[in-house]
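Trainee: I have a chain open and want to talk it through. Can you take my questions as they come?
Mentor: Go ahead.

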Amino acid sequence: TQPGTSSRGIEPCTSGAPTLFVLAHGISTDAMAAQELGLEVRGGSEVDPKLAAAFTKRTGARSYPGVEELIRGGRRGEYSELHDLDIVTSGVPCPYRSRAGAMTSRKGKARREAGTERHLFQQQVMWFGIFRPRAALIEQPAPMSGHLHEYTALTEGMQRCGYHCQARVLN
């Protein structure tokens with residue numbers, strides 16, 4: 001590793017405040033908490049237009065399109081401003097295979113299994129592979145035992161992107 005770079009060849013943060021981007025920002029709590037701690041919120045990704053507008057109003061940062069569009073655009077060379085981020089948090093919708101995602105009626109579970117947003121869990125690895133932020137925090141509920149392999153695949157994908165992965169219970 002050259003001096004001044006990480007093992008992935010990314011320059012360390014040179015701005016006054018670390019930068020944050022939030023995948024699937026929802027009601028903006030990650031971003032607002034980060035601002036209180038002095039981080040610069042560069043933006044977030046959200047497909048719900050009402051949540052996107054609330055995010056911009058609450059944080060003053062840009063709300064980008066959803067994860068899938070950012071992946072497509074990133075592959076085309078768009079969104080170059082997202083290549084120099086310090087921290088990215090991700091809270092893509094709970095996969096149907098999580099304990100939290102399974103706690104509804106069979107009909108509700110069937111709708112969630114069919115919903116495309118429920119499959120972003122694995123796709124976020126592509127996002128991290130394209131934009132390569134310095135650090136990632138992926139928040140998800142614990143998996144049901146029959147789906148543990150999908151969580152393992154996510155960890156392995158992140159490791160192939162150069163990230164050191166740890167699972168931690170935060171609350």
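Trainee: Which residue is the bridge partner of Val 22 in strand 4?
Mentor: Thr 89 is the partner of Val 22 there. Keep in mind that this is a predicted model.

Trainee: How many bridges join strand 1 to strand 4?
Mentor: Four, and the two strands run parallel. Strand 1 covers residues 19-23, and strand 4 covers residues 87-90.

Trainee: What holds strands of a sheet together, in general?
Mentor: They pair through backbone hydrogen bonds, in a parallel or an antiparallel way.

Trainee: Back to this one. What is the strand order in the sheet?
Mentor: The order is 3-2-1-4-5, in an open sheet of five strands with parallel pairing. Strand 3 (62-64) and strand 5 (135-138) are the edge strands, each pairing on one side only. From one strand to the next, the twist averages 20 degrees.

Trainee: And helix 2, which strands does it touch?
Mentor: Helix 2, residues 49-59, packs on the sheet and touches strand 2 (40-45) and strand 3. The direction of helix 2 makes about 155 degrees with that of strand 3.

Trainee: Next, Ser 90. Buried or exposed?
Mentor: Ser 90 has 1% relative accessibility, so it counts as buried; the cut-off for that is under 20%. Ser 90 lies in strand 4.

Trainee: What does the side chain of Ser 90 make a polar contact with?
Mentor: With the side chain of Gln 124, at 2.4 Å. Leaving aside neighbours within four places in sequence, Ser 90 is also in contact with residues including Leu 23, Phe 128 and Leu 137. Ile 138 and Glu 139 are among its contacts too.

Trainee: Where does Gly 129 sit?
Mentor: In helix 5, which spans residues 120-131. Gly 129 counts as partly exposed because its relative accessibility is 32%.

Trainee: How far apart are Gly 129 and Gly 74?
Mentor: They are 55 residues apart in sequence and 10.0 Å apart in space, C-alpha to C-alpha.

Trainee: Now the whole chain. What does the secondary structure come to?
Mentor: Six helices and five strands. From the N terminus, the elements run β-α-β-α-β-α-β-α-α-β-α.

Trainee: What share of the residues is buried?
Mentor: Of the 171 residues in the chain, 40% are buried. The chain exposes about 9700 Å², and carbon and sulfur atoms supply 54% of that area.

Trainee: And what share of the contacts comes from residues 24 or more positions apart?
Mentor: They account for 59% of the contacts with a separation of 6 or more.

Note on methods. Residues numbered from 1 in each chain as written. Predicted model: local features only at pLDDT ≥ 70, side-chain atom pairs only at ≥ 80, totals over all residues. Heavy atoms only, no water. Buried < 20%, exposed > 50% of the residue type's maximum accessible area, 1.4 Å probe, protein only. Contact = heavy atoms within 4.5 Å. Areas by Shrake-Rupley, 256 points an atom, 1.4 Å probe, with all protein chains shown as cover. Polar contact = N/O pair within 3.5 Å; in protein donor to acceptor, adjacent residues only side chain to side chain. Pairing = 2+ DSSP bridges. Axes fitted to C-alpha atoms, helices over the stretch in contact; angles between N-to-C directions.
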